[in-house]
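Take a look at it before you read on.

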Amino acid sequence: MDFEFSDEQRMLRDSVEKLVSPAYDDLGVRTRTAATDPGFSETQWAKFADLGLLGLPFSEEDGGFGGGTVETMIVMEAIGKGLALEPYLAAIVLGGNLVRLAANAAQREELIPQIGDGSMRLAFAHTERQARYDLTDVATTARKTAGGYVLEGDKSIVLSGDSANMLIVSARTSGGRRDADGITLFLVDPKTAGVSRRGFPTQDALRGAAVSLGSVEVPDSAVLGVVGGASAIIEQVSDIAIAALAAEAVGAMAALHALTVEYLKTRKQFGVPIGSFQALQHRAVDMFTALEQARSMELYAAMMATADDRQARRAAVSGAKVQINHSARYVGQQAIQLHGGIGVTIEYRAGHYFRRLTMIENLFGDVDYHMHLVDEAGGMLDAA
Amino acid sequence: MDFEFSDEQRMLRDSVEKLVSPAYDDLGVRTRTAATDPGFSETQWAKFADLGLLGLPFSEEDGGFGGGTVETMIVMEAIGKGLALEPYLAAIVLGGNLVRLAANAAQREELIPQIGDGSMRLAFAHTERQARYDLTDVATTARKTAGGYVLEGDKSIVLSGDSANMLIVSARTSGGRRDADGITLFLVDPKTAGVSRRGFPTQDALRGAAVSLGSVEVPDSAVLGVVGGASAIIEQVSDIAIAALAAEAVGAMAALHALTVEYLKTRKQFGVPIGSFQALQHRAVDMFTALEQARSMELYAAMMATADDRQARRAAVSGAKVQINHSARYVGQQAIQLHGGIGVTIEYRAGHYFRRLTMIENLFGDVDYHMHLVDEAGGMLDAA
Amino acid sequence: MDLRYTAEENTFRDELRSFLLENIPADLRQRISEGHHVGREEYITTQRILNKAGLATPNWPVEWGGKDWTPMQRFIYTEELQANSVPEALAFNVAMVGPVIAAFGTPEQKAYYLPRAANLDDWWCQGFSEPGAGSDLANLKTRAVREGDEYVINGQKTWTTLAQYATWCFVLARTNPEARKPQEGISFILVDMKSPGITVRPIQLLDGGHEVNEVFFDDVRVPVANLVGTEHRGWDCAKFLLSNERSSIARVGTSKARLRKLRELAKIVPAGAGSMWDDVGFRNKVNAVEIELKALEMTQLRVIAAESGGGRAPNPASSILKIKGSEIQQATTELALQLAGPHVLPFHSPEAEIGDGANDLPDGFGWADTAGPTYFNWRKISIYGGSNEIQRNIIAKMVLGL
Amino acid sequence: MDLRYTAEENTFRDELRSFLLENIPADLRQRISEGHHVGREEYITTQRILNKAGLATPNWPVEWGGKDWTPMQRFIYTEELQANSVPEALAFNVAMVGPVIAAFGTPEQKAYYLPRAANLDDWWCQGFSEPGAGSDLANLKTRAVREGDEYVINGQKTWTTLAQYATWCFVLARTNPEARKPQEGISFILVDMKSPGITVRPIQLLDGGHEVNEVFFDDVRVPVANLVGTEHRGWDCAKFLLSNERSSIARVGTSKARLRKLRELAKIVPAGAGSMWDDVGFRNKVNAVEIELKALEMTQLRVIAAESGGGRAPNPASSILKIKGSEIQQATTELALQLAGPHVLPFHSPEAEIGDGANDLPDGFGWADTAGPTYFNWRKISIYGGSNEIQRNIIAKMVLGL
């Protein structure tokens, strides 16, 4: 067992942190950037490309970085710490891995260079209103026509979907609304006739979109992967995304905890720093414990997110999300509480971490959802 | 709305406390009394009788005290505070109320005087191994014969059943193991042929017994109440018992909390009383809050335990038991923790309260069981 | 001991409830029940309806439009407003400055300010908190220097709620810097918000809403006639004001209304083949909060009974009410957060009108816009008015003697 | 970074496990797995089997029968013992006095005491804690006065675990009352429990068990040859000893074994029409503890990796391991308490043999008589060895710099 980063990983961490940390250090810059389309910095995105981060998941043969879950963890921790606005989760972790796992040679050859240089930003149009967190609950339909398909349906929450210039849409080519079989992925240019998007800011100052598909015609070549066989890939990519979110959450929690401890040391009451009050000290310690427990499960999720043993992977990734959610809630709430008044204003950094952590809790499954999956997988004792 | 005790109730409280508080003030006395049969003080029991406490639930026409749930609450709070060993819950709260609600005129005339003067000590032989907390899960059978019944079965946990000289046994005269209908109550003298008892001490230094009924023949006159119709009465008496246990728990928690606060004031570390440490202060405050919330539900349970509206009664009494259990666990665990080493020894009073509170949690339904009943009753919002 | 409401109390509640349901616009109550902020117009509409019926200021002296109610009646009144999602009369007018003027004001001040405060013709804000000072009023920095028949006020206040709507502000300012004790030498002064030299800067909260402000006083001139009570003795007014701020501190009615709403919503939020309400795990969470709330309601009633000269109240229990009340209110926001699921994400301004929410689609997710913002915003409940940590310190000292 | 066990580590684990399952009596492991106290004979049997195989003292220097294991191997060793309900070698012998003698003892002391300690021919107990002093060794009261070639020891020790079985005691006593600093002038002395003047008084714990004692020293004469290390420098031995007491502090293996047992039992405990395991609410509670435990296991491994010169460990994380480890162990006792339901009530002595429990009936409630006692007894886990409050103080100071 080896917890050490390789030299390459250490270099990756350093360069990513050098890129991401300063970018939104100034909350004013972050707020202005978030408020103007596309809601993040395209210059910054170009720098992600220059560092090769946009090609991270792809194999070197395909012109990628050949990175795995540990490399993704390194990038996402920095993004969490830096409150980055760039759509790395949507475009690369989700979009990139869907392409990596589902695309055929021709598609890889066409797409990966554009993804890697930043010119193509993917978004995954999957979640529907009735689906909640159920990955196989897809009501959107794809009707076969001569030479193609017609897509009909609504996707309610498409992360970074407002500015993406290529959508990966899940739709049903067969089966009933909640069947695992019969789901197919399609590459859909948002400019295609019948696609309408309504973008929205999210509670954490990122972006999303609701996408409606009204008789959208796509050619057979738009199919990504096996017709009707997408659900295993969707679950795999969702697990990779959960591991990535775990890392982002740990990055955010670590920064938020440090901010809180710093505040406890500097803020005075009755003439002494409030950090001298034992009740607040112990709260800060419990936050630290929650953070370290989360960090342990972040590593565990990174190790298991692509494991072959499906049941072990299920228990591990779902168990990690449960721990991350518990820690994120505790650390977030206590950070605000210990900051007092300034904690609840948007003019201070703590609240921004708190809002992001809260949204992470509600992405790719909440505690109850993943507790159910852990139960189905038979608990954690036999997980590797 | 009126939270005031009447003058009679105030007098009752004062006389009960005067009787109960000093009795087991000395832990040595308590331990010795608990270790020698019958496991409590018969002299003390006689004094209970002299005060009329043993006739508390019975109407004045029947020669009783005409007391209700509030009077029972007053007695049980004192018992909880005083760590009393006397079988008031088993003999009077359970046994007495079963007689009050189920017995016919002739039985009342025969039994109540003996119960009131202490010569007859009842125990309720109901719980069976498979039943857990389900009041209608009764496998013990009563087969009708000419002029009587033959009882067959095992009762696993009979509170104070080792020394009782009259048992009230629930048995099935019809229906399946978990049916509400078909349960009948019988008065059974433990000396009857076929009745065997194995007494045991309980974790909290009280007593219980496992009772086996092997072809026990009883006459028709042994039937208490309507044949096959006991379950409503059993549920009613169980609710009265829960309200009584809530009061005992509050009495115990109040004493335990006082003991803990006292310890915090006197025990010194690093030259100062440990009660000067804020983290411990706040813990003591949270114990106090838990105690007061429990006290509120104790009162609520006393008010609702005999309410006519069955659904409102169900939600109220079950909700109260949930709160009592949560508070008992928190107050108990924290009291031990704040006492440190001395808290885990049997030579100190705190541990005895802790053990009793823990057993109360597991009597007449735990948190999950009552959460289920609250859910069935539709929650607490519409409860009076 | 009889813990049931008396027939009179029940009649009182029923009459009040039917008045509210008949007279307060349903769409307004609907918006509040869905967790939207109470807007300026909504405050004004509601309070004027209540005032017209003589129900806006029950806590005031009868001669000034108050009611001679028992503490129990007052509790029922507040709980009914909350439980029916009716905005309470503006606290700064009714719970704060009104009682102070009625108790300490001159006949002229009473005659002029009280009717206008009752009818929300004047909108008051509270000029107490200052940067750094927190809730510790004693080391107040804002100065009011007497010049002839005017005070000249300089300083800064913060966390001033709804100052953007306020036409008047009651200010605590230091009039005698040489006073022996820090809380001496403070005066309670009424300031017209239109006075030159006043600047209001919004402070945006986590939900993106504009609810509190910084208020800057730069050589603001106020007639001495606006002094309430004795000069340098403003501390008495402040203490009196803060002591009034308790009866509805637990906000039992508000939590009841929110839990009712959550039950409704859970039945229309799709989950798997059915709705979230089919999930016993979620129902258990709702029920668990309801049990805590019932216990808190009884604790609140015990306190009220004690105030009415009755029995067995914890003392000072209002700190318990504050702690438990805030925990329960916050728990209801966590339940809403879970209910919304991924649809908690879309953000739109809490000031926006209903119907324009990104989430506001026919299939019943309109309410989901408020789940996140309310969760964020309500973190303040365990912070303001003396944080729960301060409350624990108070109980440790006052009740447990630690 | 590769967080999987290496092939070598897996082989090591497998060989160890099969050794334990083949050589440690099954009925003994069964008793432990059902939560019964480890009895004197069980300690001796197990330790001698381990010692025969050279597995009792891996933490000792190789020349004295230790193993040159990596921190990871030591972790696997401890976890396997715990996970298979094998009593660990007596800590007082193996983790405490042994290493001290090996490090500070004379050649004669090593040659005589170490083999006997390894084989549990001598049973050691720890004479550190004193009434009032708590874990604060510095203000130790027990005196050892030098008279010729003897020390005369007077004083009282408390919380002395299993002193009733002990043949020897390692005592910290004050040999120089005039020392400048309180922790100076203390000596580490080996005392034969058969010496005249020693009285052992049992302290009964909440579970009714006899596990700790008070030990009184009344003019107890001990040869100066029994001094370990330098006179007056016993503090060095004590610090060294306490620093060894960490690697298995989280007791991950113990909690794993208990959770496995709980899963088994839940399937045979009747509830309604089926078993407790049919209740998803109960399963969720078990799963929730397992998740916390998995996180703790990873945290423990990170610490070990850091000790082996690796990566990203919280520091000093052992306080986290103590806090979380105790919370999880105690959580497993609460689950057992719930599982037992009303059948938790019957009490019989924890020293009693299996089969004679009031609860011990054919239908599988035999285990239930340990549910209450273990719940009571294990409250100590968050108290001894530095309470969780002390651990939080340590982290606040050492890690957070507060």
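The points below go from the ground rules to one whole chain, then to the contacts between chains and a few single spots.

1. Ground rules. This is a predicted model, in which local features need pLDDT of at least 70 and side-chain atom pairs count only at pLDDT 80 or more, while totals for chains, interfaces and linings use all residues. Residues are numbered from 1 along each chain as its sequence is written, and chains are lettered from A and ligands numbered from 1 in the order in which they are written.

2. Chain C as a whole. Chain C has twelve helices and ten strands; helices (H or I, at least four residues) and strands (E, at least two) are DSSP runs, numbered from the N terminus. Its radius of gyration is 22 Å, close to the 21 Å from the globule rule for 402 residues, so chain C is as compact as a globular protein of that length. That radius is taken over C-alpha atoms, and the rule is 2.2 Å times the number of residues to the power 0.38. Along the principal axes, the C-alpha atoms of chain C fill a box of roughly 75 × 55 × 50 Å.

3. Inside chain C. How much of chain C counts as buried? The figure is 51% of its 402 residues. Buried means 20 or more other C-beta atoms within 10 Å of a residue's own, exposed means 12 or fewer, and partly exposed is in between, with C-beta atoms placed from the backbone. Now take contacts between residues at least 6 apart in sequence: in chain C, 71% of them join residues at least 24 apart. Two residues are in contact if their C-beta atoms, placed from the backbone, lie within 7 Å.

4. Where A meets D. This contact takes 34 residues from chain A and 40 from chain D. On the chain A side, helices H7 (231-266), H8 (278-304), H9 (310-339) and H11 (367-376) each give two or more residues, and H8(A) gives the most, with 13. By class, the chain A side divides into 19 nonpolar, ten polar and five charged residues. Here Ala, Val, Leu, Ile, Met, Phe, Trp, Tyr, Cys and Pro count as nonpolar, Asp, Glu, Lys and Arg as charged, and the others, Gly among them, as polar.

5. Where D meets B. Here 31 residues of chain D are in contact with 33 of chain B. Strand S6 (198-204), strand S9 (270-271) and helix H11 (371-377) of chain D each supply at least two residues of the chain D side. H11(D) gives the most, with three.

6. A helix to look at. Helix H4 (69-82) of chain B has 14 residues and reaches 20 Å from first C-alpha to last, close to the 20 Å expected at 1.5 Å a residue; the expected span is 1.5 Å times one less than the number of residues. Of its 14 residues, 14 are buried.

7. Two loop residues. Is A:Ser59 buried or partly exposed? A:Ser59 is partly exposed, because 14 other C-beta atoms lie within 10 Å. It lies in the loop between H3 (42-50) and H4 (69-82) of chain A. C:Ala53, in the loop between H3 (40-52) and H4 (71-83) of chain C, counts as exposed because it has 12 C-beta neighbours inside 10 Å. The C-alpha atoms of C:Ala53 and C:Phe19 are separated by 9.3 Å, although these residues are 34 apart along the chain.
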